[in-house]
Amino acid sequence: MNLRDKELFTEDLIGTLASFVKLTEKMGLRYFMAYGSAIGAVRHGGMIPWDDDIDVYMPREDYVKLLSIPEKELPEGYSIVYPGRDSSLDVPFPYAKYTSLGCTVWEQERYPIILGTFIDVFPLDECTLPTEELDKFRSGYLKNFELYKRSFRKTSFRQWVSFLGEKDFRRATVTAWDSIRLRPFRRKYLGRFLRYEKELSEHGIKGSGEKSLTCLSSPYPTSKEVYRREWFSGEVKMDFENLAVSLPAGYDPLLRQIYGDYMVPPPPAKRQSMHHHFFVDMGRRLSVEDARNLVGGELPEEEGGNAE
């Protein structure tokens with residue numbers, strides 16, 4: 001994105017957060033700013049200057065209620081996208097996104113799904129498994145979703161041939177395997193993942209260890225994702241780009257567990273976004289096909305999804 005598009009993107013993203021916060025207050029749902037967004041609130045009073053996404057935690061009970069809100073009852077211009085919401089829409093993330101509908105954000109070329117600016121909503125689950133056992137449970141949970149995700153990612157024939165030309169035989173083999181062996185079973189893998197989600201909603205993660213909370217779908221190791229329950233026993237309000245947002249009462253030990261001394265910014269060379277923005281149009285909502293035609297070049301030929 002150029003500087004002007006980044007400014008428009010950030011402005012729209014803050015508007016999406018404002019809409020999300022207003023909805024949670026209206027519905028009586030709990031949420032907490034998470035990961036880099038929590039650091040942004042504490043250290044910068046808003047977005048980390050080089051960041052371009054917003055993450056929140058939501059206790060599983062509230063997360064289920066959020067996903068159950070009928071589309072027609074959501075604020076105008078916004079939607080919620082998550083695995084299993086729409087049988088015609090394959091979603092490459094194992095959590096929900098609260099997204100605007102007034103612009104076009106295509107994150108990764110190989111996953112043709114159109115969103116707007118969005119809030120990543122990570123469910124928090126009750127857990128009584130020891131960390132080692134939780135790590136095994138989490139590995140199964142994420143492995144199953146990864147099989148589903150691989151079953152619908154798009155690679156054109158020309159791209160596959162280019163892998164061979166570059167002698168990248170591993171990538172050529174994996175993409176061929178995904179198309180031939182995984183794609184026919186994508187509904188099976190999605191069904192397994194949704195059964196995991198149903199079990200988590202009804203029973204949590206039961207074992208013989210101490211009671212804790214965990215986020216199964218986060219990008220961090222399990223050892224960093226086992227949270228003390230008292231950290232989330234209350235909330236602290238902080239300013240985030242002139243919005244009053246909620247952080248967990250124990251945000252300091254939580255952030256130190258994940259990041260260490262989070263109040264010290266990374267060196268300048270590492271101050272950059274790690275998120276994907278294959279195609280962005282902040283002025284209008286486009287379909288995958290329209291975006292494909294604007295970008296040009298070799299893109300997957302199969303029809304993708306749209307969050308609308």
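Does Thr222 count as buried or exposed, and at what relative accessibility? Thr222 counts as buried, because its relative accessibility is 5% and the cut-off for buried is under 20%. Keep in mind that we're looking at a predicted model here.

**Around Thr222**

So where do you look for this residue? Thr222 sits in the loop that runs between strand 8 (212-214) and strand 9 (226-228). Leaving aside residues up to four places away in sequence, Thr222 touches Thr131, Leu134, Asp135 and Arg138. With one of these, Asp135, there is also a polar contact: the two side chains are joined at 2.7 Å.

**The cysteines**

A disulfide is a covalent bond between the sulfur atoms of two cysteines. A search through the whole structure turns up zero of them. Take Cys215: it is in no disulfide, and the nearest cysteine sulfur, which belongs to Cys127, is 12 Å away. For a pair to count, the sulfurs would have to be within 2.5 Å.

| Residue | Relative accessibility | Class |
|---|---|---|
| Cys103 | 0% | buried |
| Cys215 | 0% | buried |
| Thr222 | 5% | buried |

**One face of a helix**

**Empty space**

Rolling a probe the size of a water molecule over the atoms shows where empty space is left. In this model, the largest pocket has a volume of about 1,200 Å³. Its lining takes in 43 residues, and Asp53, Pro219, Tyr220, Met274 and His275 are the ones that lie nearest the centre. Several elements each supply at least two residues of that lining, including strand 5 (104-108), strand 6 (111-115), strand 7 (118-127) and helix 4 (131-152). Which element gives the most? That's helix 2, with five residues in the lining of the largest pocket.

Searching the whole structure gives one cavity of 30 Å³ or more, and the largest cavity holds about 30 Å³ of space. To spot the largest cavity, pick out Arg153, Thr155, Thr175, Asp178, Ser179 and Arg183, which line it.

Definitions and conventions: Residues numbered from 1 in each chain as written. Predicted model: local features only at pLDDT ≥ 70, side-chain atom pairs only at ≥ 80, totals over all residues. Heavy atoms only, no water. Buried < 20%, exposed > 50% of the residue type's maximum accessible area, 1.4 Å probe, protein only. Helix = DSSP H or I, 4+ residues; strand = E, 2+ residues; numbered from the N terminus. Polar contact = N/O pair within 3.5 Å; in protein donor to acceptor, adjacent residues only side chain to side chain. Contact = heavy atoms within 4.5 Å. 1 Å grid on protein atoms, 1.4 Å probe; cavity = no way out; pocket = protein on both sides within 12 Å on 5 of 7 lines; lining within 4 Å. Points joined across faces, edges and corners; volume = space filled by probe spheres on them.
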